[in-house]
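The following account leads through selected local features of one protein structure. Please keep the sequence and the model in view while reading.

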Amino acid sequence: MTGKIRDYTKLAADLLQELGGEQNIVKVARCATRLRLVVKESPAGAKEKISQLPGVITVVEKGGQIQIVIGTNVGKVYDAFLKLVNPQNIATTEDNNNIINKIIATMSAVFAPFVYILAAAGILQGCLIVINLFWPEFEKTGVCQVFSFISWAPFIFLPIFIAITASQHFRCNIYIAVACCAALVSPQLGQMVEQIKEGKLIVDFFGFHLSETTYTSSVLPPLFLVWLLSYLEHGLDKFLNNVIKPIFMPFICLVVMVPLTLLLVGPLTANAAHYIADGYNWLVNLSPSVAGGVIGGAWQGLVIFGVHWGIIPVILTNFKLYGHDSFQVYQMIAVIGQVGAAIGFYIKTKNQEMKGVSLSAFITGIFGITEPAIYGVNLRFKKPFIFGSLSAASGCVIAGLFNPYYFAYAGLPGILTIVNAISSEMPYSFKGAVIGSAIAFIGPIILIQLFGTGEPKTETSLEDDTPNLKLDSVKLASPMTGKVIPLEQVPDQVFSSKAMGDGIAIDPTDNHVYAPCDGEIKALFESSKHALGLLSDDGIELLIHVGIDTVNLTDNQFSYHVTMGQKVKQGDLLISFDPEAVKQAGYPLITPIIITNSAEYQQIIPTTKTDITPQDILFTVKQ
């Protein structure tokens with residue numbers, strides 16, 4: 001229930017009561033617009049009750065958090081909430097809760113920064129498959145051989161990528177992590193393991209024999225290595241003298257972590273990944289259609305909650321062990337179901353603005369990126385999402401009858417990667433993938449035409465003699481340089497649903513945020529410095545939120561150039577940031593610019609430009 005907050009202490013107390021009291025609170029945090037709470041158990045009906053509290057815009061449950069969207073007053077509510085709880089009690093229970101969500105968050109942070117690299121390599125492999133299909137002799141050419149090893153390189157040296165991103169997530173030295181993981185993919189180790197497998201060599205290491213485990217293309221061994229390395233490194237940091245630390249820190253980490261991984265961590269985690277993959281494959285072998293139907297129907301729901309990252313080790317293990325994987329076929333069909341729903345919505349809707357949103361979502365969906373379709377259209381109106389999921393489940397059931405597989409990894413499974421299902425040894429694989437994809441794509445188009453888009457019905461107002469009013473207008477400049485993105489396509493439900501207010505987003509190509517108008521700084525967020533609130537001299541309340549979920553970044557990726565209450569002029573520098581550091585941490589830089597008091601204005605007209613600079617007009621606000 002939106003409304004002005006006057007008694008922040010009362011709102012904080014009401015929130016604490018509805019969430020079951022202090023003993024139920026695990027963690028309290030905030031970002032530019034939301035109070036983020038982790039609880040042991042979510043009380044029945046709490047979400048609905050909190051949504052009705054004065055000053056609460058909406059409530060979102062995401063990633064194990066209850067996110068209470070309040071707006072720019074969130075800081076005052078947060079401060080009031082902290083006065084009602086004991087931080088020590090909260091801190092002691094945090095580590096014992098939410099293990100599943102921590103695992104999911106780790107997988108997301110580790111794989112998100114380089115998933116597009118794997119996608120590019122997968123597309124290259126798909127191209128080679130198609131060329132070899134029509135020109136078998138191509139496989140023997142030097143061109144094919146060169147492109148082949150290029151396409152496989154990111155997978156062979158996957159532990160190096162994991163070392164980079166995992167070290168950032170677990171906050172340890174990136175170079176030490178890379179050195180340790182590089183040892184795992186050393187050609188010399190590979191040769192030793194091959195000889196061990198053939199029985200030609202026994203490697204005795206302080207009384208222990210090296211196992212037959214190989215680590216190229218592995219996921220869990222390097223991930224656990226870096227996790228344990230973070231504890232070792234932080235422990236050594238307390239005891240080593242600063243003079244000898246630069247040399248002895250990496251020395252001790254290398255001689256401890258690499259042997260520990262080779263003897264214990266590697267074999268255990270690699271076997272665990274094999275068992276999980278075998279469990280999934282057992283279900284597929286038992287009934288491919290049942291397994292496919294479950295994955296096709298539920299996959300995009302898992303994407304919404306970020307759970308989808310957890311399946312990557314299973315998929316990569318399948319490719320490593322067997323050279324193919326069935327999960328990605330069903331994953332692809334699920335993606336195509338949402339793409340079909342987006343184009344079905346485009347055909348049916350009469351809303352010209354939503355036609356543009358759905359068409360754009362369809363285009364990005366072709367490349368395997370479904371977040372714009374899900375958040376911008378399908379989930380927003382519910383019916384398209386349901387129709388897309390049902391059609392995908394049906395398509396996967398039929399595809400399962402052909403026992404389909406992917407024979408090359410696709411970082412972003414979708415229409416373009418369907419060629420990865422081609423195999424001369426399993427010709428029915430591709431047929432099953434095509435038939436399943438066709439059902440998933442056509443199904444939601446037909447269902448939406450028959451049963452509607454789910455858009456709310458609007459009453460047609462009759463034209464009367466009310467004169468058109470000439471409205472005063474205020475023009476706001478763009479605070480950034482970059483690509484303009486409709487708010488509906490922002491991969492965050494609170495922003496895309498316009499619960500915070502009307503606005504637009506920019507995908508920046510620069511690293512500066514400038515004042516879009518004359519005004520006063522009304523809100524700053526000192527822990528992360530990722531956002532600010534600005535009140536224009538004309539009374540327009542603006543929220544500039546650099547990136548999505550960037551409140552989690554506290555390592556100086558952002559810098560303020562203003563202070564609270566400071567008067568600014570249009571063009572003044574407000575924020576600067578390190579775009580590469582933000583991207584490497586796994587967070588998109590898409591920046592919503594929201595007019596939080598948009599309900600007070602009769603019309604907010606965004607720019608029609610696709611590329612924008614601070615010299616261009618971003619909004620025209622009619623009062």
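**Aromatic pairs, charges and backbone details**

Phe206 is exposed, with a relative accessible area of 73%; buried here means under 20% relative accessible area, exposed over 50%, and partly exposed in between, with a 1.4 Å probe and protein chains only. The model is a predicted one, in which local features need pLDDT of at least 70 and side-chain atom pairs count only at pLDDT 80 or more, whereas totals for chains, interfaces and linings use all residues. Residues are numbered from 1 along each chain as its sequence is written, and side-chain values use heavy atoms, with hydrogens and water left out.

A pair of aromatic rings is described by the distance of the centres and the angle of the planes. Rings of Phe, Tyr and Trp (its six-membered ring) pair if their centres lie within 6.5 Å; planes under 30 degrees apart count as stacked, over 60 as edge-to-face and the rest as tilted. A search of the whole structure finds 15 aromatic pairs. One of these is formed by Phe205 and Phe206, an edge-to-face pair with 4.9 Å centre to centre and 80 degrees between the planes. Phe205 is partly exposed, at a relative accessible area of 30%.

The rings of Trp227 and Tyr231 have centres 5.8 Å apart and planes at 85 degrees, so this pair is also edge-to-face. Both residues lie in helix α11 (residues 220-239), four residues apart, about one turn of the helix. Helices (H or I, at least four residues) and strands (E, at least two) are DSSP runs, numbered from the N terminus. Trp227 counts as partly exposed at 34% relative accessibility, and Tyr231 counts as exposed at 56%. Elsewhere, ring pairs link Trp152, Phe155, Phe319 and Tyr409 into a cluster.

Rings also take part in arrangements with charged groups. A charge sits over a ring if NZ of Lys or CZ of Arg is within 6 Å of the ring centre and within 35 degrees of the ring normal. The charged end of Lys355 is placed over the ring of Tyr346, 4.6 Å from its centre. In the case of Lys431, the charged end sits over the ring of Tyr428, at 4.8 Å from the centre.

Side chains of opposite charge can pair when their charged atoms come close. A salt bridge is a side-chain nitrogen of Lys or Arg within 4 Å of a carboxyl oxygen of Asp or Glu, and by this rule the count comes to ten. Among them is the bridge between Lys483 and Asp611, whose closest N and O atoms are 2.8 Å apart. Lys483 lies in strand β8 (residues 482-485) and Asp611 in strand β19 (residues 611-612), so the pair ties together parts that are 128 residues apart in sequence. Lys483 is partly exposed at 43% relative accessibility, and Asp611 is partly exposed at 41%.

Lys498 forms a salt bridge with Glu488, with 3.1 Å between the closest N and O atoms. Lys498 belongs to the loop between α20 (493-496) and β9 (502-508) and Glu488 to the loop between β8 and α20, so the bridge ties together parts ten residues apart in sequence. Lys498 is partly exposed at 26% relative accessibility, whereas Glu488 is buried at 3%. Salt bridges that share partners join Glu488, Lys498 and Asp502 into one network.

Which cysteine sulfur is closest to that of Cys180? The closest is in Cys253, 6.4 Å away, which is too far for a bond. A disulfide is a pair of cysteine sulfur atoms within 2.5 Å, and the count by this rule is zero. Cys180 is buried at 0% relative accessibility, while Cys127 is partly exposed at 40%.

Lys382, although not a glycine, has a positive phi of about 65 degrees. Lys382 lies in the loop between α17 (371-381) and α18 (383-400) and counts as exposed at 57% relative accessibility. Asp549 is a residue other than glycine with a positive phi, near 60 degrees; Asp549 is buried at 18% relative accessibility.

Thr550 is found in the loop between β13 (541-545) and β14 (558-560), and is buried with a relative accessible area of 0%. The side chain of Thr550 reaches the backbone oxygen of Val546 at 2.6 Å. With contact meaning heavy atoms within 4.5 Å, Thr550 touches Ser528, His530, His545, Phe558, Val582, Tyr587 and Pro588, not counting residues up to four places away in sequence.

Definitions and conventions
A polar contact is a pair of N or O atoms within 3.5 Å; within protein, one must be able to donate a hydrogen and the other to accept it, and residues adjacent in sequence count only if both atoms are side-chain atoms.
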